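These are my notebook entries on one protein chain. The sequence and the structure come directly below, and my look-ups follow.

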Amino acid sequence: YTVCFHQGCFGYPLSIFFIVVNEFCERFSYYGMRALLILYFRRFIGWDDNLSTAIYHTFVALCYLTPILGALIADSWLGKFKTIVSLSIVYTIGQAVIAISSINDLTDFNHDGSPDNLPAHVALSMIGLALIALGTGGIKPCVSAFGGDQFEEGQESQRNRFFSIFYLAINAGSLLSTIITPMLRVQQCGIHSKQACYPLAFGVPAALMAIALIVFVIGSGMYKKFQPQGNVMGKVVKCIGFAIKNRFRHRSKEFPKREHWLDWAKEKYDERLISQIKMVTRVMFLYIPLPMFWALFDQQGSRWTLQATAMSGKITTNSSSPLHPQTVNAILIVIMVPIVDAVIYPLIAKCGFNFTSLKKMTVGMFLASMAFVAAAIVQVEIDKTLPVFPQQNEVQIKVLNIGNGTMTIYFPGKEVTLNQMSQTNEFMTFDVDKLTSINISSNGLSIIPVTHKFEQGNRHTLLVWAPNNYRVIKDGLNQKPEKGENGIRFVNTFDESFNITMDGKVYVNVTSHNASEYQFFPLGTKSFTISSTQQIPQQCKNNFQSSNLEFGSAYTYVISRKSDGCPDLHMFEDIAPNTINMALQIPQYFLITCGEVVFSVTGLEFSYSQAPSNMKSVLQAGWLLTVAVGNIIVLIVAGAGQFSEQWAEYILFAALLLVVCVIFAIMARFYTYVNPAEIEAQFDNADKKKSLENIYSTMPPVAQTQM
């Protein structure tokens with residue numbers, strides 16, 4: 001005999017193998033698609049950042065609200081197996097629809113490389129996302145509960161281990177997809193014009209979802225399937241409503257108190273249902289503080305990503321596809337789940353400490369809170385290195401001498417002398433009211449006043465090149481370049497305008513003695529070409545290389561003429577690159593991942609173990625609802641409290657979670673663990689006894705002579 005046979009493998013039911021593989025493929029499909037959504041909205045559909053982000057968050061929230069619907073269908077109507085199969089079909093169709101919506105050639109009738117009927121693509125993608133939200137949300141509570149159903153009584157330790165393996169599958173799928181799908185997107189494909197390959201990048205998740213469905217159906221003969229027990233949720237709501245109404249009717253002191261408020265439903269509902277509802281309500285009450293954990297956890301994708309853009313370090317696998325922070329989290333999960341499960345928990349047990357589910361969850365919340373303290377410390381370090389930008393009533397000015405002589409510039413209370421091709425070391429800050437006059441002098445000759453209305457709250461560059469020639473340029477950069485990119489602009493000292501092409505982006509018509517707008521580039525060395533009709537002689541080279549760009553810097557490249565008429569390049573730094581290394585974010589990611597492992601895996605298992613047999617999916621959905629509420633908290637807090645300092649927001653979140661953690665610990669102290677199967681077995685025995693008594697009572701009396 002091998003270790004595995006039809007019924008089990010290493011003491012586990014063989015059926016869970018299909019469930020774990022299904023979950024891995026489904027999560028690969030979901031996270032792979034989600035990793036591309038923002039880029040798809042911005043670059044293909046052409047929405048701005050705000051609309052893209054709003055649609056994205058709405059979609060994610062929907063994915064965590066639909067589990068309630070899936071749980072009701074499973075527990076009341078179709079059963080878990082049929083619910084998973086039917087909603088997986090909906091899900092696969094949704095993935096296919098969004099892949100079709102991203103095919104550029106679908107409506108590109110004139111073959112110019114851009115779709116002619118954008119609303120059709122938008123409509124298709126919205127239909128696809130709605131189907132995906134219904135599918136992924138609907139099957140979420142059912143798959144984990146269905147996996148738990150496969151275990152027999154007395155297999156608690158294997159079931160607990162299953163929830164860890166299940167969580168591992170979620171994160172392994174997420175990890176691989178967030179690495180692979182951006183790589184697929186940067187491939188070029190298309191029939192009439194080559195574009196970023198969204199159909200392939202969305203198509204692979206769609207194929208994985210189809211595989212997930214096939215794998216799940218193949219295992220059909222091995223699953224333990226429980227029949228749904230009618231409209232459970234309807235009974236629960238009616239029973240709770242009747243208990244409250246009945247209690248209110250009998251509120252005077254002449255009626256004796258009952259042990260539990262739900263006991264007031266005994267007049268109408270049977271004891272089994274009442275005890276099942278008691279189990280669910282006690283767990284749901286415990287869930288009230290939990291969304292705060294998710295409010296912190298879900299900021300990895302938003303606030304922490306933004307924090308990373310103000311830091312230095314190789315954040316890209318290649319220059320065009322950013323590595324998601326999700327990836328960092330998923331890598332750590334894949335490492336930490338087995339370590340915690342196989343090493344840390346057994347060690348704690350050996351020390352004789354009773355590390356119950358609720359204690360684990362309390363520790364998880366504490367670790368997440370500490371992660372935000374670590375994030376705040378990193379933020380303070382970043383803030384020390386950030387450039388100072390002008391306030392609303394200030395202007396900042398930098399002088400750049402692009403002429404051939406020495407220039408002196410007189411500011412109120414300050415005098416600056418610059419040699420040819422040089423600039424002031426930094427931006428000078430002036431109060432608008434006190435900036436009364438600026439004068440330029442060349443070699444002590446005539447003084448020319450600068451007559452320019454400076455815009456408040458902005459940076460300006462004063463270009464000077466001859467005694468009475470100057471130009472004031474508004475920089476347009478009032479913050480570090482976003483997403484860790486680098487701003488580059490060009491100043492032309494030739495007498496005629498020219499175009500510059502850098503890394504595929506074109507600076508059109510950079511006029512004489514003027515500066516272009518900034519354009520933004522990822523890290524690395526960039527090559528650029530100057531194209532001019534007349535002024536550059538044939539023998540001159542017109543291809544140049546930029547310096548090695550890092551993260552979050554900005555430069556001005558001045559193109560001047562050498563004595564032989566050829567162009568020459570001078571580089572000036574406007575904003576220094578980021579200096580704090582991204583490695584400093586590792587402690588906060590490590591802490592929040594450890595928190596997630598002990599909090600989330602335990603929560604899944606706790607929700608299953610404490611739920612009565614007919615409400616397993618409903619309680620899993622309740623657990624997922626805490627994630628949705630956590631997302632909503634982030635939107636409310638971020639919207640309501642506009643903090644001038646980011647570190648202060650991190651500390652606020654850490655403090656809130658710490659308070660919630662203490663409240664949860666007190667609530668957990670008064671929670672009594674139950675074994676729903678035992679309680680239900682007692683009712684079964686009582687029912688059997690009753691039915692036997694009924695049989696005996698209906699039998700005719702037997703005469704003594706017959707006996």
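**Entry 1. Domains**

What distance separates the centres of domain 1 and domain 2, taken over C-alpha atoms? I found 56 Å between the two centres. The model is a predicted one, in which local features need pLDDT of at least 70 and side-chain atom pairs count only at pLDDT 80 or more, while totals for chains, interfaces and linings use all residues. Residues are numbered from 1 along each chain as its sequence is written, and side-chain values use heavy atoms, with hydrogens and water left out. I noted the division of the protein into domain 1 (16–230), domain 2 (388–477) and domain 3 (480–577); such bounds come from an automatic or database domain assignment.

**Entry 2. Nonpolar cores**

I looked up the largest nonpolar core and found 128 residues in it. The term stands for a set of buried Ala, Val, Leu, Ile, Met, Phe, Trp, Tyr and Cys residues joined through side-chain atoms within 4.5 Å. Buried means under 20% relative accessible area, exposed means over 50%, and partly exposed lies in between (1.4 Å probe, protein chains only). M33, F59 and M365 have the most contacts inside this core. Helix α1 (residues 15–45) gives the most to this core, with 16 residues. Helices (H or I, at least four residues) and strands (E, at least two) are DSSP runs, numbered from the N terminus.

I then listed the surroundings of M33, leaving aside its neighbours within four places in sequence. M33 is in contact (heavy atoms within 4.5 Å) with F59, Q95, I98, L129, I132, F202 and P205. Another core lies apart from the largest one and has 19 residues, including M502, F528, Y555 and Y557. For context I noted that, in soluble globular proteins, nonpolar side chains tend to be buried together.

**Entry 3. Salt bridges**

How many salt bridges does the structure hold? I recorded 16, a salt bridge being a side-chain nitrogen of Lys or Arg within 4 Å of a carboxyl oxygen of Asp or Glu.

K224 forms a salt bridge with E152, and their closest N and O atoms are 3.5 Å apart. K224 sits in the loop between α7 (198–218) and α8 (232–249), and E152 in the loop between α5 (118–149) and α6 (156–185), so the pair ties together parts 72 residues apart in sequence. K224 counts as partly exposed, at 26% relative accessibility; E152 also counts as partly exposed, at 48%.

D341 forms a salt bridge with R161, with 2.5 Å between the closest N and O atoms. Because D341 lies in helix α12 (residues 325–350) and R161 in helix α6, this pair ties together parts that are 180 residues apart in sequence. D341 counts as buried at 13% relative accessibility, whereas R161, at 35%, counts as partly exposed.

R489 and D574 meet through their side chains in a salt bridge (3.7 Å, N to O). R489 belongs to strand β16 (residues 486–492) and D574 to strand β24 (residues 567–575), so parts 85 residues apart in sequence are tied together. Are R489 and D574 buried or exposed? I found both R489 and D574 buried.

I also noted a network of salt bridges that links D263, K266, E271 and K278.

**Entry 4. Sheet with β13**

In which order do the 4 strands of the open sheet with β13 stand? The order is β9-β8-β12-β13, with antiparallel pairing; two strands pair if DSSP finds at least two bridges between them. β9 (414–418) and β13 stand at the edges with a single partner strand each, so one side of each is left without a neighbour in the sheet. Strand β8 (residues 407–411) and strand β12 (residues 439–442) pair in the antiparallel sense over 4 bridges, and Y410 stands opposite N439 in β12.

I448 lies in strand β13 (residues 447–449). Its contacts, neighbours within four places in sequence left aside, are I438, N439, I440, P467, N468 and Y470. I checked I448 against I240, 208 residues apart along the chain, and found their C-alpha atoms separated by 85 Å.

Strands β14 (residues 458–466) and β15 (residues 469–474) run antiparallel and are joined by 6 bridges. They form a hairpin with 2 residues between them, and A466 has N469 in β15 as its bridge partner.

A further open sheet has 4 strands in the order β18-β17-β21-β22, with antiparallel pairing. β18 (505–510) and β22 (543–549) are at the edges, each with a single partner strand, so one side of each lacks a neighbour in the sheet. Strand β17 (residues 498–502) pairs with β18 in the antiparallel sense over 4 bridges, and K505 in β18 is the bridge partner of M502.
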